[in-house]
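Q: I have a model to go through with you. Could we start with the strands and then turn to the ligand?

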Amino acid sequence: MEFTTDILSLFDKKWALVTAGDISDFNAMTISWGAMGTLWSKPTATVYIKPVRYTHDFMEANDYFTISFFEEKYRGALKILGTKSGRDGDKMAETKLTPVRIGENIVGYVQAYRTLVCRKIYRQDLELSPMPEAVRETYYEKEAPHTMYIGEIVGIG
Ligand SMILES: Cc1cc2nc3c(=O)[nH]c(=O)nc-3n(C[C@H](O)[C@H](O)[C@H](O)COP(=O)(O)O)c2cc1C
């Protein structure tokens, strides 16, 4: 497995889609926070999903998730998927993205130039108390803190 990238701009500047569920029932949302590295001697990817997101329900219910990366021309699609909720309707239908079944309960996209298939190996709700005060005030005045999901990267497509 190989993935060469500028890791510091990958999530922050280029964004990605996190998708969980089965091709018959899945949800996806845009993320710009994330990490890649090593944990317990496994290659891992970490994402942070707020409990209020519909995608959170799918992350909780499924053992796998994918992280998909797209060329700049798909930014409009990522904006839609990052501002609308799957709870309110079929936001995927408002994009030109084509979801594709990669495996059982594993969904990616025809248009993604890279897809990480992740097996959930850890989850934790971030706690407010160890956070810097400025972070608490900026991000968590109104909504509960993100849940951190660490996935073992089991495939790169
Ligand atoms: C550029 C961008 C980055 C985002 N990054 C995150 C993130 O890392 N974690 C998160 O919980 N929400 C993030 N969001 C917000 C969700 O994508 C957004 O709330 C989305 O509508 C949730 O959809 P859902 O309710 O269908 O899951 C981001 C939104 C945008 C536009």
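Q: How many bridges join strand β8 to β9, and do they run parallel or antiparallel?
A: This is a predicted model. In it, nine bridges join β8 (residues 114–125) to β9, and the two strands run antiparallel. Within this pairing, V117 stands opposite G155 in β9.

Q: Which strand is joined to β4 by six bridges?
A: That strand is β9 (residues 147–156), and it runs antiparallel to β4. T147 in β9 is the bridge partner of I49.

Q: On to the ligand: which residues come nearest?
A: Y54, T55, G82, S85 and G86 come nearest, out of 21 residues around the ligand.

Q: And which element supplies the largest share of that shell?
A: The largest share comes from β2, with four residues. At least two residues each are supplied by β2 (25–31), β4 (42–49), α2 (54–61) and α3 (75–83).

Q: What is the make-up of the shell by class?
A: The shell has nine polar, seven nonpolar and five charged residues.

Q: Now the backbone: what is phi of W15?
A: Phi of W15 is near 65°, a positive value in a residue other than glycine. W15 lies in the loop between α1 (7–10) and β1 (16–22).

Q: Is W15 buried or exposed?
A: W15 is buried, because 21 other C-beta atoms lie within 10 Å.

Q: Where is N105 found?
A: N105 is in the loop between β6 (99–103) and β7 (106–109). Phi of N105 is also positive, near 55°.

Q: Why does N105 count as partly exposed?
A: N105 has 19 C-beta neighbours inside 10 Å, whereas a buried residue needs 20 or more.

Conventions
Residues are numbered from 1 along each chain as its sequence is written. This is a predicted model: local features need pLDDT of at least 70, side-chain atom pairs count only at pLDDT 80 or more; totals for chains, interfaces and linings use all residues. A residue is near a molecule or strand if its C-beta atom, placed from the backbone, lies within 6 Å of it. Ala, Val, Leu, Ile, Met, Phe, Trp, Tyr, Cys and Pro count as nonpolar, Asp, Glu, Lys and Arg as charged, and the others, Gly among them, as polar. Two strands pair if DSSP finds at least two bridges between them. A residue is buried if 20 or more other C-beta atoms lie within 10 Å of its own, exposed if 12 or fewer, and partly exposed in between; C-beta atoms are placed from the backbone.
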